[in-house]
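Trainee: Could we go through this structure together? I would like to begin with how contacts are counted.

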Amino acid sequence: MARLSREFYLGDTVDIARRLLGTYLVRQLGKTVLVGRITETEAYIGRCDKACHAYGYHKTPRNAPMFLGPGHAYIYLIYGMHHCLNLVTEPEGEPAAVLIRALEPIAGEETIRRYGDKPMTPYRTAHLLDGPGKICRGLGLTTAENGMDLTGQTLFVCTAPADVGLADPPPQREIIVSGPRIGVDYAEEARDFPWRFQLKKEDG
C-alpha cells in the first residue's frame, strides 16, 4: 500500500501494462487531489514495436522523455488537440512506455469536470475519463508536464486510495482482457500485438 517506486517501472513493459490495472493515478493540484483507478492500458516498446514513437531507437525532441529511464511521464499532443499520458518504463536509453487509456474517477470529480467535461452534454461518471484525451483534460495535464518524475509529489501512481488519505472503494469482481491496440493499423505486424489490457467486470 504505497506509491509505486522507480523500480516498479524498470521491468518488462508488457508486464507493467498489466500490473498497472487496478492501481491509482494521482494528480496533486495545490490542495486538490484528483484520483483515478487505472482500468485500461497499452504497452509500447521502441526496440521492436513499429507502433512506438521511438521505434528503432529513433529519438526526437517530442519523444525524448521515453529515453529518460523508468518512472517519468511522456505526454504528447495528437491531432493538434488531445494530450496523451504515458508512463515511461525500462532502463534509461531503452524507449518504452505504457499509455494510460482509461481511468475510473475516485476523487476530485468536480474539478475533473471543470477541466474536461462538455457543458452541453455532460459525461456520466463512468465515461468521464474513458479515453487518453479525456484523462489529460480532466487531470490538467499538457506537454508542460512532459518528462515529469512519477516518483515525486505532483503526479504518481499508488496501490490504494489510502495512500493519499482516501477510503478504499468497494471491491469488484473483475478479469483482465487483452487485445490489439487502438489506432495503430499503420504498424504492419505490430498492429496485431495483444498489448492492450482492460479490466472488465466478471459476469455473474
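Mentor: Two residues are in contact when heavy atoms of theirs lie within 4.5 Å. Please keep in mind that this is a predicted model. In the protein chain, 62% of the contacts with a separation of 6 or more are between residues 24 or more positions apart.

Trainee: How many helices and strands does the protein chain have?

Mentor: The protein chain has 3 helices and 8 strands. Read from the N terminus, their order is α-β-β-β-β-β-α-α-β-β-β. With a radius of gyration of 16 Å, close to the 17 Å that the globule rule gives for 204 residues, the protein chain is as compact as a globular protein of that length.

Trainee: And what share of the residues is buried?

Mentor: Of the 204 residues, 47% count as buried. The accessible surface of the protein chain is about 9,800 Å², and carbon and sulfur atoms make up 53% of that surface.

Trainee: Let us turn to helix H2. Which residues are buried there?

Mentor: Helix H2 covers residues 109–116, and its buried residues are Thr111, Ile112 and Gly116. They span an arc of only 110° around the axis, so they are on the same side of H2.

Trainee: What covers them?

Mentor: The cover over the buried residues of H2 includes strand E2 (32–45), strand E5 (96–107) and helix H3 (132–139).

Trainee: Which exposed residues are on the face turned away?

Mentor: Glu110 and Arg114 are exposed on the face of H2 turned away from its buried side.

Trainee: Another topic: how many charged side chains are positive and how many negative?

Mentor: There are 24 positive and 25 negative side chains in the protein chain, with the centres of the two sets 5 Å apart.

Technical notes: Residues are numbered from 1 along each chain as its sequence is written. This is a predicted model: local features need pLDDT of at least 70, side-chain atom pairs count only at pLDDT 80 or more; totals for chains, interfaces and linings use all residues. Side-chain values use heavy atoms; hydrogens and water are left out. Helices (H or I, at least four residues) and strands (E, at least two) are DSSP runs, numbered from the N terminus. The radius of gyration is taken over C-alpha atoms; the globule rule is 2.2 Å times the number of residues to the power 0.38. Buried means under 20% relative accessible area, exposed over 50%, partly exposed in between (1.4 Å probe, protein chains only). Accessible areas come from the Shrake-Rupley method with a 1.4 Å probe; for residues, only the protein chains shown count as cover. Lys and Arg count as positive and Asp and Glu as negative; His and the chain ends are not counted. The place of a charge is taken as NZ of Lys, CZ of Arg, CG of Asp or CD of Glu. The arc is that of the directions from the helix axis to the C-beta atoms.
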